[in-house]
Amino acid sequence: MDNRALIRAFRLAASLLELHDENPFKIRAYEGTAAALERLEFPVAEVERTGLPDRTGLSKTAAARVAELLDTGSFDELTRLLSITPPGVVEMLNIKGIGPKKIRALWRELGVESPGALREAAEQDRVSKLKGFGKKTQDAILQALEFSQESRGKLLYPQAEELGNDLAARLQEALFTDQVAVVGEVRRRLEVVETVCLVAATAQPWKAQEMLNNLDGLTADPARSGPFAWRGTATTSGVKVEVYLVKKEDYINQLFLLTGAEAHLTEPLPGALPGQPSSLRQVVKREQFYQEAAIYQKAGLQYVEPELREGLGEITLAKEQKLPQLLEDSDLRGSLHNHSTYSDGSHTLRQMAEFLRDNGYEYLGICDHSQAAHYANGLNPDRVRQQQREIDQLNQELAPFRIFKGIESDILGDGALDYAPDVLASFDFIVASVHSNLKMDEQRATNRLLRAIENPYTTMLGHPTGRLLLRREGYPINYKAVIDACAQHNVIIEINANPWRLDLDWRWVRYALDQGVKLSINPDAHHTNGYADMRYGVMMGRKGGLTKEMTFNALSGEEMAAYFAERKANIKPAEVFKTTLF
């Protein structure tokens, strides 16, 4: 059980206590345990149980619960709370926008004990009649339930990757072969996965079938399976699982066919003559291959990386030998858009900086929340100055590692940036992001972004749509208008690498690059373990054709400092935006 699973368990216990209106001090204790675990930088499971209080800083009581959770998968209080709570009510705690108190009212006063029953009550207009709800809340619940239903049977990429890798390791062990691969949507690095697909080479397919049929966590679908294909679902998430069992000599062909999107496999090959294969699928049908690169060579194409195999014009580029050298994880020289304990982060400024430095990076861009973000302990001007003084001290101590003074400035309802110009001018750079009023229509939402982009202090546009994958749709924007404005005003766009966001959507990366807009892979880290998310941002960039040259934080520390200094020098004090949008 990793740290995140421990944190989820204690937060669930706190929510259940609140649901049952139990002791508020106990609720805060569990929330405190979760918060303390979130600040840790090492796997708690690897600590000797008797040493947990000293290593974690937890009380003996809290540490004992952690030990029990690690050893048994639960602890007494959580087990008790789950035993007195209908499973459907527990499931309702995951509905975005309604907390334990409202769920308690729905359960106790309306008898609602599942998301399905809640939908029925809302559709019958019974929810709006409850005290503290109303029509607006009822509509929000229906919208959240609709989105939750659409998300059923889907996984975020990291979860799908973990499931696929686990199944691949089990197949390798059962079949005594290294010719096992995760293919399909996972290999193409799609941000949301509906089917976890694998291929394995074996002369004994029944061994794989037996292992998969007996594996906890999988539910077989015999009607859709056969001797050479196992199909079913992951029991908890409902995501589809498919495993193809092939002859060793067919392994590369099937690896290729099961990876590419149908549009990639069937797109007509430019310049194909009569009698020649007209698509990659036909190339593979004609002979056996032992390297994927040989398939593209046979078709007269440049090799296409798995991430690009979507049928979105990559075949034409490959024919013209114009596919770019894609960004690599190792190309990133620093991390921008990170949070510390000054706002809602789990680690101090020093801890965030030293962690990055010790992992080979050259700089940290700190972007705590601005003053309008009261919910996230946003910084007022006095605390901005306090943080900047600490940055100056740390920069002297940690040199040549560099901390750049940034802020995640809220884009206000009218498109203005949080803070007066003199405060904005004190930062090295500014990430402008929307965190409120997400219900605007496309025109209003776009106009708000356009005004923020026009502001001379805006260096970078953060998570452009505010989406949370599988949890909340982003607000609608005119992507072309926003990207064009960033090109005009020399504003960078982030690919927020948090796997819940991955925003800018990779489908718009190529358009941004075509307009000359640089992109920044930003982890939006609130914890040192958030830096690991940068790999997901790199994946999304690669899917859109992002190169090192067009990646902002592939700049060295010296280059980054020079860029910020030049940009600030070009801001004229008189450039203050006084127009209103609405």
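Predicted model: local features only at pLDDT ≥ 70, side-chain atom pairs only at ≥ 80, totals over all residues.
## The second largest pocket

Helix α9 (residues 134–151) gives the second largest pocket the largest share of its lining, three residues. Helices (H or I, at least four residues) and strands (E, at least two) are DSSP runs numbered from the N terminus. The pocket holds about 300 Å³ of space, and 17 residues line it, with Lys 154, Glu 191, Val 192, Leu 469 and Leu 470 the closest to its centre. By class, the lining splits into six nonpolar, two polar and nine charged residues (Ala, Val, Leu, Ile, Met, Phe, Trp, Tyr, Cys and Pro are nonpolar, Asp, Glu, Lys and Arg charged, the others, Gly among them, polar).

A pocket is an open set of points on a 1 Å grid over the protein atoms alone, with protein on both sides within 12 Å along at least five of seven lines; a cavity is a set where a 1.4 Å probe fits but cannot get out; lining residues have an atom within 4 Å of a point. Grid points join across faces, edges and corners, and a volume is the space filled by probe spheres set on them.

Numbering runs from 1 along each chain as its sequence is written, and side-chain values use heavy atoms, leaving out hydrogens and water.

The mean pLDDT (the predictor's confidence in each residue, from 0 to 100) of the chain is 94, and 98% of its residues reach 70 or more. Residues 577–582 are another story: pLDDT stays under 50 there, and the model has 14 contacts beyond four places in sequence for this stretch (contact means heavy atoms within 4.5 Å).

## The seven-stranded sheet

Seven strands run in the order β8-β9-β10-β11-β12-β13-β14, making an open sheet with parallel pairing. At its edges sit β8 (334–338) and β14 (519–522), each pairing on one side only. Strands count as paired if DSSP finds at least two bridges between them; β10 (residues 402–410) and β11 run parallel and are joined by five. Take Ser 409, whose bridge partner in β11 is Ala 432.

Helix α18 (residues 349–358) packs on this sheet, touching β8, β9 (363–366) and β10, and its direction makes about 145° with that of β9. Axes are lines fitted to C-alpha atoms, for helices over the stretch in contact, and angles run from 0 to 180 degrees between N-to-C directions.

## The five-stranded sheet

Another open sheet has five strands in the order β2-β4-β7-β6-β5, with mixed pairing. Here β2 (180–183) and β5 (218–220) are the edge strands, each pairing on one side only. Ignoring direction, neighbouring strands of this sheet are turned by 25° against each other on average.

Three bridges link β5 with β6 (residues 229–234) in the antiparallel sense, and Ala 220 has Gly 232 as its bridge partner in β6. Helix α10 (residues 157–175) lies across β2, β4 (195–201), β5, β6 and β7 (240–246), running at about 20° to β4.

## One cavity

Searching the whole structure turns up one cavity of 30 Å³ or more. The largest cavity holds about 70 Å³ of space, and its lining residues include Leu 424, Phe 427, Asp 428, Tyr 457 and Arg 567. Both β11 (429–433) and α25 (557–569) supply at least two lining residues each. Seven of the lining residues are nonpolar, one is polar and three are charged.

Most residues other than glycine have a negative phi, and most peptide bonds are trans. The peptide bond from Ala 399 to Pro 400, though, is cis, with omega near 15°; Pro 400 lies in the loop between α19 (381–398) and β10. Then there's Asn 437, not a glycine, yet with a positive phi of about 55°. Asn 437 belongs to the loop between β11 and α21 (442–454).
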